[in-house]
Amino acid sequence: MMFILSCAAALALPEKGIAQIFTDKNYVKISPEDKEADIIKKAANVTPSPRQLRWQQLELTAFIHFGINTFTNKEWGDGTEDPKIFNPQELDARQWVKVCKDAGFKQIILTAKHHDGFCLWPSKFTEHSVKNSPWKEGKGDVVREVAEACKEFGIGFGIYLSPWDRNSPYFGSMQYNDYFINQLTELLTQYGQIDEVWFDGANGEGPTGKKQVYEYNRWYNLIRKLQPSATIAVSGPDVRWIGTETGYGRETEWSIVPGDQMIPEAVAANSQKNVDFAPRDLMSDDLGSRIKIAKAKSLVWYPAEIDVSIRPGWFHHPAEDTKVKTPEKLLDIYYSSVGRNGVLLLNIPPDKRGLISDSDVSSLIGFRKYLDETFENNLLKSAKVNGNASKKTASLFDGKDSSYWKTGKKGEGHLLLNFELDKAQKFDVLLLQENLQIGQRVEQFVLEYKEGTSWKKATEGTTIGYKRLLRFPAVTARELRLKIISSRLQPAIAEVGLYLRPEGSGVQ
Ligand code: FUL
């Protein structure tokens with residue numbers, strides 16, 4: 001059971017199982033007879049499921065690590081905590097949601113249960129929960145308060161449920177699998193719509209010293225049944241962990257990867273390690289190049305999520321109030337996560353009072369200000385555009401990732417777009433987006449500008465995907481050209497933008 005995903009291709013899983021986990025568009029088999037061109041064609045046509053597309057469009061999601069660790073000042077509780085220490089007297093879930101929404105976050109994922117097993121909702125299946133705390137005389141439910149606040153403010157809501165449970169006496173036995181399913185069922189049925197379910201990779205020993213063999217497929221099937229639009233992240237089939245907790249994604253980031261890289265065990269072995277890209281498949285620099293997919297038995301749409309905390313720890317520690325990431329650092333992370341075809345999952349942990357502290361709030365406000373100032377004016381909007389295609393180019397600047405522009409000739413992978421601005425302008429950021437409903441196709445591009453009579457390189461890159469942002473030393477020019485040098489079939493470019501970063505927002 002536990003290898004159901006990793007071996008989906010290799011072991012010829014019954015088609016029914018695959019159909020529940022994947023759609024016919026985000027999964028394709030490679031047959032031994034397929035030639036290189038067939039594989040490229042298949043890769044170019046793998047597209048996200050509707051739930052994956054919605055998730056990608058969020059760009060910014062917030063993580064809320066809050067629980068018994070907030071009161072013990074620890075990162076990992078061992079499950080022996082007394083629930084009586086949990087008492088966030090000023091808890092205000094609306095403040096959490098408002099702070100996140102004002103900073104541009106479109107969804108919140110709450111740690112309903114971390115490794116200590118302490119539940120932020122009054123689960124029927126354990127005593128280790130808010131129901132035995134003095135907070136609201138044991139009548140409180142943090143999950144409900146956050147779910148309702150998200151609904152009120154119109155943002156998505158997701159749950160983190162740690163499979164590793166250091167409190168449950170069942171951990172390490174068959175009974176634990178039922179216990180876990182029971183808790184998951186409570187969360188999926190009592191709080192309205194759940195948009196993301198986040199399963200952590202960490203898997204250690206429980207109180208009995210035993211490890212658990214997880215029934216991943218049972219979890220996935222339950223989620224698909226009860227909350228069909230929820231993405232299942234990290235140790236799940238819809239969203240991939242980027243491989244580090246630093247906030248920085250890969251320069252080349254493919255959302256189409258071989259199916260055999262979806263190995264929950266690889267995530268477990270590597271989480272908690274602040275490594276660059278450890279030499280494992282899920283962590284390597286190259287997950288989806290032509291060389292990688294040439295050897296695949298199947299291909300899946302499996303996009304990257306980049307999780308990082310605004311502070312050194314995941315939970316709030318008063319000693320870290322002075323170590324909150326600056327707006328400039330958050331911005332650098334944004335360019336290196338959202339700007340590299342990923343979704344940023346930024347952790348913002350409330351303190352013991354049950355509030356997000358001022359230091360975090362002011363960093364987030366500064367971060368948002370930089371983003372708004374940078375991206376308010378696309379300098380290309382009023383440019384004259386021509387390229388090697390007949391179609392109108394207005395869709396390149398309409399702010400929609402669902403419209404696109406592509407070359408006219410079938411099979412033509414190359415694309416050249418010339419831009420002529422009304423006057424010379426200064427810029428230092430390039431934005432590119434592909435229409436994911438057509439596919440992620442671009443493999444190499446360059447932006448050039450005209451200086452005198454010669455063309456010079458402003459910046460270049462490999463993959464685009466949902467969004468690519470590149471910063472470079474400021475250039476002043478009137479004529480520019482974007483060349484797509486290599487792609488898998490015809491690329492469908494959704495957006496092109498040129499911007500100038502505000503003073504003080506940091507250099508690359
Ligand atoms: C890790 C956990 O062990 C950390 O405590 C945190 O929850 C992080 C997001 O994932 O694997």
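Predicted model: local features only at pLDDT ≥ 70, side-chain atom pairs only at ≥ 80, totals over all residues.
Angles under 35 degrees count as roughly parallel, over 145 as roughly antiparallel, 65 to 115 as roughly perpendicular and the rest as oblique. Residues are numbered from 1 along each chain as its sequence is written, and side-chain values use heavy atoms, with hydrogens and water left out.

**The chain as a whole**

- The secondary structure comprises 12 helices and 17 strands; helices (H or I, at least four residues) and strands (E, at least two) are DSSP runs, numbered from the N terminus.
- Of the 508 residues of the chain, 61% count as buried; buried means under 20% relative accessible area, exposed means over 50%, and partly exposed lies in between (1.4 Å probe, protein chains only).
- Among the contacts in the chain with a separation of 6 or more, 77% come from residues 24 or more positions apart; a contact means heavy atoms within 4.5 Å.

**The parallel sheet**

- An open sheet is formed by 8 strands in the order β6-β5-β4-β3-β2-β11-β10-β7, and the pairing is parallel. The edges are held by β6 (231-234) and β7 (240-241), each with a single partner strand, so one side of each is left without a neighbour in the sheet.
- Strands of a sheet pair through backbone hydrogen bonds, either parallel or antiparallel. Here, two strands pair if DSSP finds at least two bridges between them.
- Strand β2 (residues 60-64) runs parallel to strand β11 (residues 342-347), and 4 bridges join them. Within this pair, Ala 62 stands opposite Leu 346 in β11.
- Helix α5 (residues 93-102) packs on the sheet, where it touches β2 and β3 (107-113), and its direction makes about 145° with that of β3. Axes are lines fitted to C-alpha atoms, for helices over the stretch in contact, and angles run from 0 to 180 degrees between N-to-C directions.
- Strand β4 (residues 156-161) pairs with β5 in the parallel sense over 3 bridges. The bridge partner of Gly 158 in β5 is Glu 196.
- In strand β5 (residues 196-199), Glu 196 and Trp 198 point one way, Val 197 and Phe 199 point the other way, and all are buried.

- Helix α11 (residues 327-337) is mostly covered, since 9 of its 11 residues are buried. The buried residues include Leu 330, Ile 333 and Tyr 334.
- The elements that cover the buried residues of α11 include β2, β10, β11, α12, β13 (415-434) and β16 (468-487).
- The axes of α11 and helix α12 (residues 358-375) come within 8 Å and cross at roughly 55°; α11 and α12 are therefore oblique to each other.
- The crossing of α11 past α12 is right-handed. A crossing is left-handed if the near helix is turned anticlockwise from the far one by less than a right angle, and right-handed if clockwise.
- In this contact, residues of α11 including Leu 331 and Tyr 335 meet residues of α12 including Phe 367 and Leu 371. The residues of the contact divide into 10 nonpolar, 3 polar and 1 charged; Ala, Val, Leu, Ile, Met, Phe, Trp, Tyr, Cys and Pro count as nonpolar, Asp, Glu, Lys and Arg as charged, and the others, Gly among them, as polar.

**Helices α7 and α8**

- The axes of helix α7 (residues 174-190) and helix α8 (residues 216-226) come within 11 Å and cross at roughly 20°. That makes α7 roughly parallel to α8.
- This crossing of α7 and α8 is right-handed.
- Residues of α7, among them Phe 180, Ile 181 and Leu 184, meet residues of α8, among them Trp 219 and Leu 222. The contact divides into 8 nonpolar, 3 polar and 2 charged residues.

**Two buried residues**

- Ala 43 lies in helix α2 (residues 36-44) and is buried, with a relative accessible area of 0%. Leaving aside neighbours within four places in sequence, Ala 43 is in contact with Ile 256, Ile 293, Leu 299 and Arg 488.
- Gln 433 is found in strand β13 and counts as buried at 7% relative accessibility. Not counting residues up to four places away in sequence, Gln 433 touches residues including Asp 401, Tyr 466 and Glu 495.
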